[in-house]
Amino acid sequence: MPLTPLLVHVALLARLAAPYPFTVGETLEYEATLGMIPIGTARMSVSPMTRERGREAFVFEASGQGRPMGLRVGAELTSYVGSRGFNSLRFHRRFFQGSRVEESKYQIIPDSSRYRQDGNPQDWAAPRNPLDELAFLYYLRTVPLEVGATYEFPRYFKTGYNPIVVHVAGRDVRAVPGGGTAPVLQLEVTSRSLRMSVGMTDDARRLPVAMELPLPFGRITLVLTSAG
């Protein structure tokens, strides 16, 4: 790519990412445990931006795998999110457990409040400003939160799971990768019968330093070990 277009492209990406506490290239690495048993590692990253249906879009990726009791398990998520309006445009989810694989791919259309699953011609209703589960975690990093408050977000792209309720249960101080400490908000997130918890730094980066997630193979705890 010639130098001038390259510099223009870099400037455009910087401008698009400026309102957010994360930037293209951010990579977060975690240790994963099932109960008290270490089972593997996980990673979340902000990949180079792309165009999705004519829109500039973030590409968020998350993956992890482990071998509890010798059984290979893991998850892979990819979310394409418009940089303006921060709405999900496409979402890919894949879980594997031993030889069993569950995979779903979704096209999400905010303009018409619809979504569809690849391989199925039917459309379903979605909210006007939809988010998938990975996109919601990044969105949560942008939201002002106060201790003791409870917030409702009717934005999950599958409307039957709305609203997503976030309760800010407390605030403490934790060690963070690279040395030092940071204030951390303790978040309880529920959607219907699903529940997860997130420890998020209450600073400029709003890093998710700890998470407890419900996955098909059990409740997994992730603890941040590296933030680049």
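The structure is a predicted model. Residue E26 lies in a loop, whereas M200 belongs to a strand. Strand β5 pairs with β4 and also with β6.

**Residue E26**
- Beyond residues up to four places away in sequence, E26 touches P21, M44, S45, V46, Y138, R141, R205, L207 and G228.

**Residue M200**
- M200 is part of strand β12, which covers residues 194-201.
- Because its relative accessibility is 0%, M200 is classed as buried.
- Apart from neighbours within four places in sequence, the contacts of M200 include L140, R141, P183, V184, L185 and L187.
- R206, L207 and P208 are also among the contacts of M200.
- Between M200 and Q186 the C-alpha to C-alpha distance is 6.7 Å, with a separation of 14 residues in sequence.

**Strands β4 and β5**
- Strands β4 (residues 73-82) and β5 (residues 88-97) run antiparallel and are joined by 9 bridges.
- V73 has Q97 in β5 as its bridge partner.
- The hairpin of β4 and β5 has 5 residues between the strands, and G85 in this hairpin adopts a positive phi near 90 degrees.

**Strands β5 and β6**
- Strand β6 (residues 100-109) runs antiparallel to β5, with 8 bridges joining them.
- R90 is paired by a bridge with Q107 in β6.
- In the hairpin of β5 and β6, 2 residues lie between the strands, and G98 has a positive phi near 60 degrees.

Notes. Residues are numbered from 1 along each chain as its sequence is written. This is a predicted model: local features need pLDDT of at least 70, side-chain atom pairs count only at pLDDT 80 or more; totals for chains, interfaces and linings use all residues. Side-chain values use heavy atoms; hydrogens and water are left out. Helices (H or I, at least four residues) and strands (E, at least two) are DSSP runs, numbered from the N terminus. Contact means heavy atoms within 4.5 Å. Buried means under 20% relative accessible area, exposed over 50%, partly exposed in between (1.4 Å probe, protein chains only). Two strands pair if DSSP finds at least two bridges between them.
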